[in-house]
Amino acid sequence: MLTGTEILTTAQMRAIESAAMASGEVTGLQLMERAGTAVAGQIRLRWPKPGRVTVLCGPGNNGGDGYVIARLLHHAGWQVRVLGMDNSPGADAAEVKRQWAKIGPILPLTEAELRRRGESSDVYVDAIFGTGLTRAPQEDIASILLHMGGWGGDWAYYRPRIVSVDCPSGLCLDSGFFLGQSRVAGDLELRAVMTVAFDSPKPGHLLGLGPDCCGRLVIADIGLAHWRVTQRREIADGKALEVQRPAALTADWPIFDIPDNRRFALAGKKQAEWLTKRHATSDHKFGHGHALVLAGGIARGGAARLAARAALRVGAGLVTLAPPRSAMIDHGGPPDALMRRGIDDAATLDDLLTDGRITALCIGPGCGIDRATALLPSLLKSKRPAVLDADALSALAEIGLTDLHQGCVLTPHLGEFARLFPDLTERLGEKPRTGPAYSKLDAAREAAARSGAVVLLKGPDTVIAAPDGRAIIHSAFDVPWLATAGSGDVLAGLITGLLARGLPPLDAAATGAWLHAAAARRFGPGLIADDLPEQIPAVFRDLRA
Ligand SMILES: NC(=O)C1=CN([C@@H]2O[C@H](COP(=O)(O)OP(=O)(O)OC[C@H]3O[C@@H](n4cnc5c(N)ncnc54)[C@H](O)[C@@H]3O)[C@@H](O)[C@H]2O)[C@@H](O)CC1
Ligand SMILES: [K+]
């Protein structure tokens, strides 16, 4: 598989930091100095004219970064006010706290102090909690965070400039949820205009409420790459994660600014590029695969035709639409490039699947649950790569997961996922109280391991997981207009077309998700699902340019 950008859990990040410090080549204090320097540098880049800044420092090393930032901004001419805690932090944070104390006072970290009249600031640096958050904030800190959360709801046209160090405090960086708060967005999550995190993105920057609350995400290199590479082989579960991001960057949505100008490789995008350039092993249409899309009865044609059209557009050599014979007339609409074949029952499907040139199947969109239930056993028995979507997922919830195989891609939204994996959904719905909180990534991985299939769990934060533990996060919070009727049918068709062309299931799912969002991004608001397949040629053309 082509590699994308690695993301690290908080435990993995700690392991890398420990390895770096144990090597004797770098100290914790140096890392803290680099982290603080990166944040102060980003603040000065964004707001070159020194102003008034309040730095809120928590009890641990995140707070330590805050004291470094306070000192550096002070030396750069900013008027700095520091709010901190009366605790004994670790040696590194204690040292930078001492250094700050020689420059200025440390006022109490309380809501009253934060709100003191006449003390408003141009920028607030949130260095309260980072990767060390283990439980919901309490008392004074909870009320500060709640107060700052109230500064920036969705409809606030002026967001005070909160810059978060590593993450908005209270956010669990493994799950993207705020500990002690509901998983649904409210008005009280702390929303930063910019978050500067270190070395690699964490799952919480990309999942759940993270993308909205982090604001612009800057990943600062603090010199840990060497240990990341060596530790990668040793990371306990050995499972690399990858991340994709929108190609078109929009302000205040996740952006990865890499100080050393490394390019972030995008798993799905790289594969899409490869698809546009690859030399087919054969110029014959069968060299590009043959996808079979099982359709439903009368008046259910649209969904399957959307999927079939997407499979054609993504480059499957042939696509056959297979409704029951009685509904053939209803499925006669465009595109004319589609072939049609009536399939009434499992025996006819068995017959058809003796043709080895059919390289991928799609079942679910507009299929009807009864028909999906009747045809699924034949489809699964054929061991052919297949996308199971919509009605096929409901059917699967009835007949069980036992016959799934590695060539299957399940594409549930959260509701369908709940029918298939009720226990995982229940865990995903619980209020997160302790970190690391159970995440969408955990749920998708468990579902893939349990079912033996690739699971693509939809949403603006789509998670794609394979049974062997590999996982990909595809964040597309910038295209809310993709949530439109029929959009999922198109995604199923894109993945089917890519499977038909021979992509392995995890790659096909990741590339399909990437193309799907890229098509929506290229069209813009006002999109209906019919527009999506029509954008695919333009997306491919852009990739070739
Ligand atoms: N470890 C390192 O080498 C580096 C760490 N860095 C910074 O250090 C941060 C991690 O530091 P820490 O591990 O000290 O953790 P944090 O500073 O994120 O957490 C602070 C401390 O608060 C305690 N705590 C957790 N939840 C709490 C709650 N609800 N109420 C009260 N106390 C709570 C924890 O036990 C922890 O000791 C990173 O996010 C990053 O900002 C950077 O300086 C770069 C280098
Ligand atoms: K923070």
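Helix axes are lines fitted to C-alpha atoms over the stretch in contact, and the angles between them run from 0 to 180 degrees between N-to-C directions. On that basis, the axes of helix H2 and helix H4 (residues 91-101) come within 9 Å and cross at roughly 55 degrees. The model described here is predicted.

**Surroundings of ligand 1**

- Ligand 1 is surrounded by 26 residues, and the closest are Gly60, Asn61, Asn62, Gly130 and Gly132.
- By residue class, the shell around ligand 1 comprises 10 nonpolar, 12 polar and four charged residues.
- At least two residues of this shell come from each of helix H2 (28-46) and helix H3 (61-75).
- The greatest contribution to the shell around ligand 1 is that of H3, which provides five residues.

**Helix H2**

- H2 contains 19 residues, and the distance from its first C-alpha to its last is 27 Å, close to the 27 Å expected at 1.5 Å a residue.
- The buried residues of H2 include Leu31, Met32, Val39 and Ile43.

- Two packed helices are described by the angle between their axes and the distance between the axes.
- The crossing in which H2 passes H4 is right-handed.
- H3 packs with H4 at an angle of about 30 degrees, and their axes are 8 Å apart.
- H3 is thus roughly parallel to H4, as angles under 35 degrees are classed in that way.
- H3 and H4 cross in a left-handed sense.

**Helix H11 and the residue that follows**

- The 13 residues of helix H11 (residues 301-313) should span 18 Å at 1.5 Å a residue, and the 18 Å between its end C-alpha atoms agrees with this.
- H11 is largely enclosed by the rest of the structure, because 13 of its 13 residues are buried.
- Gly315, which follows H11, has a positive phi, near 110 degrees.

**Leu498 in helix H18**

- Leu498 is located in helix H18 (residues 487-500).
- Leu498 has 34 other C-beta atoms within 10 Å and is therefore buried, the threshold being 20 or more.
- A separation of 9.7 Å lies between the C-alpha atoms of Leu498 and Leu312, which are 186 residues apart along the chain.

Terms used. Residues numbered from 1 in each chain as written. Chains lettered and ligands numbered in written order. Predicted model: local features only at pLDDT ≥ 70, side-chain atom pairs only at ≥ 80, totals over all residues. Near = placed C-beta within 6 Å. Helix = DSSP H or I, 4+ residues; strand = E, 2+ residues; numbered from the N terminus. Nonpolar A, V, L, I, M, F, W, Y, C, P; charged D, E, K, R; others polar. Expected span 1.5 Å × (residues − 1). Buried ≥ 20, exposed ≤ 12 C-beta atoms within 10 Å, placed from the backbone. Left-handed = near helix turned anticlockwise from the far one by under 90°. Parallel < 35°, antiparallel > 145°, perpendicular 65-115°, else oblique.
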